Amino acid sequence: MVEPRDERPWGPGKIARGLGLVALLLVGLFAVAAGRAAVSCRRELHAAEGFFAAGDLASAVLSARHAAEWYVPLDSCSEAGLSLLDEVAAKADATGQGDLALVALRSARTSIMLTRGLYTPHAERLPRLHAEIAARMAAERRLSGKAKPDDQARYLAQLDGYEARRPNPWLALAGSLGFVGWLGAVAGFAWFGLRADGSFVWQRAWGWAGTALVLFCLWLTLVRFA
Amino acid sequence: MLSEGQGGRHETLAWLVGPKGLMLLLFGCIAVVYGATLSTEVLGGDAGEFATLAGGPGVAHPPGYPLYTMLLRLMDFVPIASPAARASFLTAVMGMGAAVALFRAAIAWGAEPLAAGVAVVIWAFAPLTWSLSTSPEVFVLNAALCVCMVAVAGPLSPHRGTLRAGLLGLLAGLALSNHHSAVLMAPIGFYGLVVGIRESVAPLRALGVALGAALAGLLPYALLASQAASPEALWVWGDFTALEGLAHHILRADFGTLQLGIRADKVDAWTQVGALTIALMEQTYWIGFIAFLGGTVWLLSARNRFAQMPPRRAVVFLVVTLVCVGPLFVSRLNLSPVGVAARVVERFYLLPLTIGSVFVALGFEGWFRRLELRNDVQFSILGALITLCAAMSFQQVREHHRPDVSRYVENVLVSVPARAVIMGTEDHRLFGFLYHQAALGERADVQYLDPTMMHYDWYRHRMAERTGLTLPEPEGETVSTVAIADAVLSAGRPLFVTNIFSSGIPKNFATYPAGLLYRVLPRGSSPPHPLEVERLNAELFDHYWLPEYPAVVGSWAGLVAQDYVRPWEQLASAFSAIGMGDRAEGCRHRADALRPTPAPTFRRRLTR
């Protein structure tokens with residue numbers, strides 16, 4: 001039988017170094033992913049501009065949409081993709097391709113929806129996009145002969161309603177951090193509240209157990225209302 | 001004698017090729033490769049559902065995977081691309097965690113850093129691990145938690161006594177909060193627990209701590225009811241209005257608790273075990289599999305045991321665990337490992353691949369022990385192996401991450417008229433449309449409806465509420481798709497089906513191919529002339545995103561490709577029937593250009 005050791009396998013210094021290494025790897029992973037997003041965005045945008053210049057509007061919509069989807073903070077490439085979609089919509093309208101213009105506008109909206117996180121990038125574009133999409137959908141219904149008087153308002157409510165129904169990301173984040181904190185507190189309880197022989201260090205054990213309980217309740221409550 | 005500057009450089013170089021440099025090279029390369037190859041789109045299977053839950057609250061299919069979905073909620077603050085990309089980012093973090101845990105597990109079972117590193121490289125760059133670590137799936141987190149258990153239970157683990165027992169309890173609870181297959185880790189878990197209890201001065205207290213920690217680890221299940229009650233939930237599988245619903249979900253009653261899926265293929269257990277063995281050989285580039293066999297035999301039979309070699313009894317428990325998570329579990333799967341179902345089944349190979357990698361490390365340890373390799377040689381071996389494995393697997397990962405499912409959904413959503421109802425089957429469609437509509441808010445006016453899900457009361461009621469239609473109740477095992485079609489068409493809504501999943505629709509309604517869908521016409525209507533259908537399809541395909549190169553048969557992309565081929569094949573038949581041979585030939589050419597290609601090498605044998 002192996003003799004129990006009194007000392008912890010990892011002291012506070014080693015835990016801190018371990019957490020630092022984890023943070024470093026996470027930042028590295030994010031940096032690589034962000035770099036890839038920036039490169040992919042430029043590649044798609046370049047292709048979209050080529051299609052647009054050649055008059056292939058349908059392909060330009062697809063590429064510009066994908067460029068707009070590769071959002072990374074502080075990089076303007078994604079916004080350039082959205083602007084190109086606006087230009088494609090305008091050109092499609094001018095050449096009598098109303099259905100393609102609608103696809104371009106929907107693509108711009110989807111790209112914005114797709115990149116939402118704690119904040120919504122390019123949110124200022126949404127009201128205009130919603131209004132235009134709703135108007136065009138109502139026009140489409142009129143052409144099919146099945147129009148109802150409130151079509152446009154209904155479509156607009158559907159489009160706006162989606163944004164209004166959005167979960168509160170800050171509450172969700174706080175709740176999620178409560179979860180990570182709970183996990184950390186449980187580990188802290190095992191690490192600092194127990195001696196190697198299995199006996200409790202009562203003061204520390206109560207502290208960590210109480211923290212774990214509070215964070216657990218916080219997590220459940222915040223995520224419920226997020 | 002070295003000058004000061006030369007000495008500093010020499011020290012840096014020595015550190016770089018030393019054990020710490022070795023780890024930096026290993027985990028740095030994994031981070032770079034995983035980060036650069038994250039999937040950013042909806043793929044087949046359950047990936048769409050998990051990508052959706054990265055965009056907001058909700059409950060995934062049974063058992064709900066609360067630990068993974070909770071972590072997905074954390075991804076809101078990662079400001080990059082789409083919810084699917086964020087979910088992949090989380091999974092990549094889990095993949096890196098699993099690689100670190102595997103390294104520690106190999107060390108805890110007696111391997112030196114080089115052998116552990118080689119095993120980690122083979123594992124991390126195996127096409128299966130790489131694909132599942134860079135797309136939204138729960139299996140990598142499961143592997144990470146299970147291999148952590150192996151590390152903590154290891155004879156050379158630094159965690160002893162009560163701490164070992166408590167950590168094993170917590171890991172077991174968390175692993176079960178993520179994936180039920182973690183229960184198969186019981187042999188090594190109990191072995192480690194017993195060792196921990198025996199090491200402890202207060203055995204009963206150690207047992208109590210382990211049980212308490214296990215219960216704490218199971219607490220994420222409390223999240224399911226909380227998420228289901230959220231008014232902003234994007235997707236909730238199941239009915240959580242009563243406590244019974246929670247138990248129903250956790251026990252996977254919708255799927256038959258001990259079954260993998262609703263579908264029940266009759267598959268011979270040996271076929272499943274054979275498919276697992278072939279896959280493990282392929283995934284470990286053969287050399288890993290040979291090392292695995294060598295390591296297992298060496299550990300069980302070696303007479304001259306060196307100081308760090310794990311006791312035979314411990315090895316037996318690890319072997320039994322491997323048999324449980326591998327052949328034993330796989331032989332119970334009720335999906336045939338053929339065609340696209342093989343992609344569903346092979347995700348379950350990740351756990352045996354991970355646990356088996358500990359033996360791979362020990363197999364290499366047996367070889368490296370005879371060679372006394374210098375640090376710089378060890379560094380070069382690892383570097384070369386990373387390059388080789390990454391190069392060999394890249395193509396398969398690229399194929400796995402093809403955006404075809406996502407583009408299919410986009411193509412459909414941009415082409416259907418307002419207020420359309422689309423009836424369809426299969427997971428890639430259900431979760432693909434879910435992601436695009438619930439997480440991205442595309443085409444809120446269009447309703448996707450899966451008739452196979454209509455067996456569930458909660459789904460039927462939700463669809464009835466969303467469409468405002470009176471939808472038929474199931475009669476025994478069947479749901480009348482004809483009655484659903486009648487309800488949709490009588491409300492004046494355009495109806496489409498994604499595929500012909502029942503004979504009822506074509507028997508009772510006129511249909512014609514409309515791009516990736518079939519248009520279903522009201523009773524008594526006639527389909528348009530083939531020339532008109534051809535014109536319509538040509539117009540739709542002009543606006544579609546089309547694959548740059550053919551997909552592979554037996555992949556999700558290959559399955560989707562069939563939908564691109566189908567209208568042209570049907571038009572070719574229609575033109576042939578009315579004697580328009582030239583038109584038929586033209587349509588056949590278009591179909592051939594979009595047809596998926598057969599799978600290469602070994603995989604063909606599995607998908608045949």
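Setting aside residues up to four places away in sequence, B:F125 in this predicted model touches B:C29, B:I30, B:V33, B:W130, B:Y285, B:I386, B:C389, B:A390 and B:S393, where contact means heavy atoms within 4.5 Å. B:F125 and B:I30 touch the most other members of the largest nonpolar core, which has 256 residues; such a core is a set of buried Ala, Val, Leu, Ile, Met, Phe, Trp, Tyr and Cys residues joined through side-chain atoms within 4.5 Å, buried being under 20% relative accessible area with a 1.4 Å probe and protein chains only. Helix α5 of chain B, residues 83-108, gives the most to this core, with 16 residues, helices being DSSP runs (H or I, at least four residues) numbered from the N terminus. Apart from this core lies another, of six residues, including B:V59, B:V236, B:F240 and B:L246.

The axes of α5(B) and helix α18 of chain B, residues 350-368, come within 9 Å and cross at roughly 45 degrees, the axes being lines fitted to C-alpha atoms over the stretch in contact, with angles from 0 to 180 degrees between N-to-C directions. On the side of α5(B) the contact is made by B:L102, B:A105 and B:A106, and on that of α18(B) by B:T354, B:S357, B:V358 and B:A361.

Chain B averages a pLDDT of 89, and 94% of the residues score at least 70, pLDDT being the predictor's confidence in each residue, from 0 to 100. Over residues 602-608 of chain B the pLDDT is below 50, although this stretch has 20 contacts in the model beyond near neighbours in sequence. Where pLDDT is low, the predicted coordinates should not be read in detail.

Residues are numbered from 1 along each chain as its sequence is written, and chains are lettered from A and ligands numbered from 1 in the order in which they are written. In this predicted model local features need pLDDT of at least 70 and side-chain atom pairs count only at pLDDT 80 or more, whereas totals for chains, interfaces and linings use all residues, and side-chain values use heavy atoms, with hydrogens and water left out.

How values were computed:
Buried < 20%, exposed > 50% of the residue type's maximum accessible area, 1.4 Å probe, protein only. Helix = DSSP H or I, 4+ residues; strand = E, 2+ residues; numbered from the N terminus.
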